[in-house]
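Have the model open in a viewer, with selection by chain and residue number ready.

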Amino acid sequence: MSTIGWRDRLTGQMPEDLAEEIDIFETQVELRIDGRVDERVFAETRLRRGVYGQRYDNGQRHDGIEPRTLTFPSGDLTKGPETLWDAPGMLRIKVPWGGLTPIQLDVMAELAEEYSDHILHITTRQDVQLHYVHIEDMPTVMRRLAAVGMTTREACGNGVRNLTACPLSGVCRTEAFDVTPHSEALFRFLLGHPDCQDFGRKFKIAFSGCADEACGLVMMHDLGAIARTDIVDGEPVHSFDVYVGGGLGTTPHQAKLLAERVPLGELLPITQATARVFARLGEKQNRNRARIKFLVASVGIEEFQRLVREEREILPYDPRWTAHLEDGLAPETPARTLDGVGEEDGTDPGFVAWRDTNVYLQRQDGYAVVTVPLPLGDISAAQSRLLSDVARRFVGDTIRTTVEQNIVFRWVRLEDLRDLYTALAEIDMAGAVAETIVDVTSCPGTDTCKLGISASRGLAGELREQLGAKQTELDEAVRGLRIKVSGCFNSCGQHHVADIGFFGNSRKSGGRVVPHFQVVLGGQWQNNGGSYGLAVGAIPSKRIPEVVDRITDRFVAERAPGESFLDWTGRTGRKGLAAIIEDLKTIPAYEEEPGLFSDWGNPREFSIGDIGVGECAGEVISSTDLELSFAESIAFEAQVALEDGDVAKADERAYRAMVTAARAIVRTELPDVAEDDDIIVTEFDTRFVATDRFRDRFAHSKFARPLLERHASGEAAANEEAARSLVEEAQLFIDAAHAFQIREAGATSATQ
Amino acid sequence: MEPHRIAVKLYLENPEGLDPEELVPVFHRFIREDLVGGIPIDVARYGHVSDGPGIMIIGHQLDHALDLGGGRPGLSTTRKRDGEGSLAARIGELVRATARLSIDLEADPDLAARARVSTGEVLITILDRYEAPNNDATLLKADPAIREVIAALSEDGGEGAATIERVGGSRDPFAVRVLLDQPRPLIQWAEGVGAAA
Ligand code: HEM
Ligand code: SF4
């Protein structure tokens, strides 16, 4: 009833192109129900409209004791391979440059109540997600969003994802100039652009107003633009430095400079040319090598620059390239003008603490940006409405989301700070935690993500609680640190750029699987995510709060005056850092500490059965486990060598770690395999890779490839970056070997 | 009226005695032991969000929750799909389901009788702004169905046994608070309302 009703009511209120898109999607939903669209085609169709699968949508769920089948009414109708029709899914709503208005907040709140679980979730790329939405409700949700100018188009799938930008753009004290109008123009230009429909993988863009701060995180993006102002003949000239080929994930890359001082009017065409080169030359078959970072790495940045220049020259002229410049770049204006009263002082401790952490003075006199912290990026529908009322009262349409999963209000008059604090405190949204260690960010992890290994949100919530309770006692240097958590190696929680980062993995012990997090220290948030942290060891999930305590205590104890966490981790070195947590790796017998065998916020006994095939059962500690731990030590040596600047050694150790792990796997079938690299690699390849047994269901055979390639070529890494990649890949290979072993154990016990 | 979603909530009498997180293992067990209706899928934890859905059992047809909405914790059931019958039948079904959930939680050994549900008040919400915007016109339309459900609660089926009040603002979902003149035992909520269906 209301589906048709909404369509009729909203006709004319939606931008035409979006309305048409949604009609097409709705038809595809109907065709799929009738079996007239192939499931793979439908899957790509929905992904390109922001409609993602969710955990358990293959109809299987482990209830803590045994796997159970979810029998949905629509039976085996699917919305993609192994994705059941009726299983609830996620909808990602694009929020370009994080800009939101109160009416948009209101509408999303309505949708959360009527179609989702009453929660708006802010992601690590400034988007909003609704979870547990039924596929048949999606078109109505999209229409209601479109009516307030919001889209889900290309929020997932192999296209241009949400475009992110510093939440302080336009009001920041250190920016070169306001990147907002340029971000908006580029976003609109690329949305649905024909040149962006044929990528082998997703493409993420970010803008930053300056080079030194983090807000834009340009260096970890497929394409990024950093604003700069030069003085030419005594006049300020604005332009962008454009970077390409950055990215996180399993093989993190720092972006490289594509073009310096790109004039404002050249930004859109240069991006378009880049997109064309990527569409034409980027990898299509192998998803794991398909991001633009691999293309840039394989052809080299100089050649890539040349290709883009060449493409740019033959681009047909498009008036949209400069239309936004000709319209004039109207700056955002405050909802309330200053009336000269000046800032009102507050002395109560709550206000003072909040003012210290959550208030940033704008470059415009008399105004400030206020952070509204959202725990784990979550805000309820009811709270959203209350918050939109507060926004209407104080700042109007100048709300933004942040990659730290918070909301900011811009253009708050200093004289209103006291009243705003009171209004936010009344709705429980005035926690004094912004940009502190308490404000942990996290990907969805095992809560809703199909690929999640460990409970990133469970851990983040726990850390938030524990650190929040002692926030005032924390040393000043510790309070300002950042913690970021991902549920697996895919890095959606951006753990690489945190001071203290974690990503989920698992280890086997006594026939059971124990949830773990890999500890990643010393990532750099500044300089737009200027360098990535490296792994120092995997620790059982339940002991991670202890890891945080130990690392921060040591930092405080050993820190030289003024020394940053980044410098301290660099000085202490990987070995020294690993030693701090080494003893926490030991896993006792289940009976001694059963709590270790379940994850945060999830009392079910831990299982990775909800991600991959098979179940872990009945294995006692094997020689394979021992040999894999050996391989891990070697990988660790590789990391230490890397840190010491010994590229050759890092390369050799990384390779050796992989051969050792491969040997452990080979020995499960060929216990007497010779200590000969050729034989080990050949056996490994023919028995496990070629037969697809080492194939990860989601990552496919990508973890095996670095070993096979390095072995076949016999060539050592040519430079530090290549060695760094190999070291990372060695760690991932070992993780994959653990996962393989768990899968095989499950398969064996299932056939017994 | 065939609204998209309807929810019914009974309030906790002693919310301070119960940490919402305590419901997490209990709800996982309820799923394991097939104690809730429909096809339950997973437990969602939102105890960290003020004025939010709290701890939920997300299902295909129904969601169950220790719901923190309105700052007043309570137990709620939401029908999301496959609702059937008249509006009164739909509301009645949810009242019974919520009462049964309440009975189960009050008796749950892990909660050691710390959950106590107040039985003189119920919140009925219609989550469908197209069919049921929160205004007096919707109240007029829904009122007979609500009265039918309430009448089934009292032995004499008499009118006037309750006060019905529409709550919330125009942007909130349509919601009515029903205050019974006399509380009724949960078992009567769980069974008595059957008459309305
Ligand atoms: C092979 C699979 C995946 C890879 C390699 C991957 C990788 C990444 C990376 C590197 C980021 C963020 C860093 C950035 O800002 O660029 C990200 C963002 C994100 N990912 Fe994933 N991801 C994968 C699958 C998933 C899945 C299945 C989910 C859960 C449904 C998920 C949820 C998210 C979320 C919520 C964000 C923030 C997103 C946004 O608003 O755009 N990811 N992903
Ligand atoms: S990091 Fe892993 S668990 Fe987290 S959202 Fe990404 S794919 Fe899922």
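Start with domain 1 (2-146) and domain 4 (441-605) of chain A: both give residues to the lining of the largest cavity, so this cavity lies between them. The domain bounds come from an automatic or database domain assignment. The model is predicted, so local features need pLDDT of at least 70 and side-chain atom pairs count only at pLDDT 80 or more, while totals for chains, interfaces and linings use all residues; side-chain values use heavy atoms, without hydrogens and water. Residues are numbered from 1 along each chain as its sequence is written, with chains lettered from A and ligands numbered from 1 in the order in which they are written.

The largest cavity holds about 380 Å³ of space. A cavity here is a set of points, on a 1 Å grid over the protein atoms alone, where a 1.4 Å probe fits but cannot get out, and lining residues have an atom within 4 Å of a point. Volume is the space filled by probe spheres set on the points, which are joined across faces, edges and corners.

Next, select Thr446(A), Asp447(A), Asn602(A), Arg604(A) and Asp42(B), the closest to the centre among the 29 lining residues. Strands are DSSP runs of E with at least two residues, helices runs of H or I with at least four, numbered from the N terminus. The lining divides into 10 nonpolar, 9 polar and 10 charged residues. Ala, Val, Leu, Ile, Met, Phe, Trp, Tyr, Cys and Pro count as nonpolar, Asp, Glu, Lys and Arg as charged, and the others, Gly among them, as polar.

Move to the second largest cavity, of about 120 Å³. Domain 4 (441-605) and domain 5 (623-751) of chain A both line it, so it lies between them. Of its 14 lining residues, Thr250(A), His495(A), His496(A), Phe503(A) and Glu728(A) lie nearest the centre. Helix 23 of chain A supplies the largest share, 3 residues.

Domain 4 and domain 5 of chain A bury about 1,500 Å² between them, 62% of it on carbon and sulfur atoms. Buried area is the accessible area (1.4 Å probe) that two parts lose on being put together, summed over both.

How values were computed:
1 Å grid on protein atoms, 1.4 Å probe; cavity = no way out; pocket = protein on both sides within 12 Å on 5 of 7 lines; lining within 4 Å.
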